[in-house]
Amino acid sequence: MVLIAAAGENNALGKDNDLVWRLPDDFKRFKALTTGHKIIMGRKTLESFPKALPDRQHIAISRDKDYIPKFPCTLVHSLEDAIALVGEDETAYIIGGGEIYRQAMAFATDMELTRVHGTFQADTFFPEVDPDQWELIGERYHPKDERHPHAFTYLSYKRKKGGPKALCPSKVQLGHRHPRAIDQIFQDPGIPVDVKTVARLALGTQ
Ligand SMILES: NC(=O)c1ccc[n+]([C@@H]2O[C@H](COP(=O)([O-])OP(=O)(O)OC[C@H]3O[C@@H](n4cnc5c(N)ncnc54)[C@H](OP(=O)(O)O)[C@@H]3O)[C@@H](O)[C@H]2O)c1
């Protein structure tokens, strides 16, 4: 499960349900990475697209059982149900927005973060990247040029080995259906308290 995002230095993600920059090479990379894969997004991010992105299965999340998406896609009503649609060995991308990133960070094994060099006015923000959980394994700088009003750096992170574990989807599915199994997840000392809190929220358990 790969979380993919572009965020300013102040973690800005977007404003008025749109992005606050146009960076064609970052779009190109997003397309190259996500094409052929499932992409998981919140209802507001889905609505920010004029039409479906080609060659990707869109999985949109809304709490509203009566919601009708603006174009055909797979609609689910919890993050857990979205994750349950992804096979164990399958690569899927969590593509935002802020509300979904905050909940999904606990489930991601990898993160592709484009850090846009600037401070932007925004109403949606990316969560802080916890250096205890995430190891930076690659970075590539892209300078500002005539097509790109801001410089940016592609940052690739992997969840740290031996550190806190990602909640694997099968465990979450199991936990959702079997409350005793979810107790085991919450008693696992390898999973930190903040991750357990996010998992509780995602699963709707107390
Ligand atoms: N820079 C980037 O990389 C990037 C990427 C994506 C998006 N964005 C920007 O981010 C902004 C949108 O982000 P956002 O945080 O406002 O919204 P969002 O995360 O895209 O969607 C939020 C919606 O998702 C649904 N939802 C969230 N958690 C849920 C859960 N656990 N169970 C069921 N449904 C759930 C709810 O839909 P209902 O209200 O229908 O229940 C909620 O209102 C836009 O400005 C967009 O342009 C930026």
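**Strands, burial and the ligand**

Tutor: Strand β4 and strand β5 (residues 74-76) run parallel and are joined by 3 bridges; strands are DSSP runs of E with at least two residues, helices runs of H or I with at least four, numbered from the N terminus, and two strands pair if DSSP finds at least two bridges between them. This is a predicted model: local features need pLDDT of at least 70, side-chain atom pairs count only at pLDDT 80 or more, and totals for chains, interfaces and linings use all residues. Residues are numbered from 1 along each chain as its sequence is written.

Student: In β5, which residue is the bridge partner of Ala-60?
Tutor: The strands β4 and β5 are parallel. Within β5, the partner of Ala-60 is Leu-75.

Student: Is Met-111 buried or exposed?
Tutor: A residue is buried if 20 or more other C-beta atoms, placed from the backbone, lie within 10 Å of its own, exposed if 12 or fewer, and partly exposed in between. Met-111, in strand β7 (residues 110-116), has 23 C-beta neighbours inside 10 Å, so Met-111 is buried.

Student: How many residues surround the ligand?
Tutor: A residue is near a molecule if its C-beta atom, placed from the backbone, lies within 6 Å of it. Among the closest are Gly-14 and Gly-42, and the number surrounding the ligand is 32.
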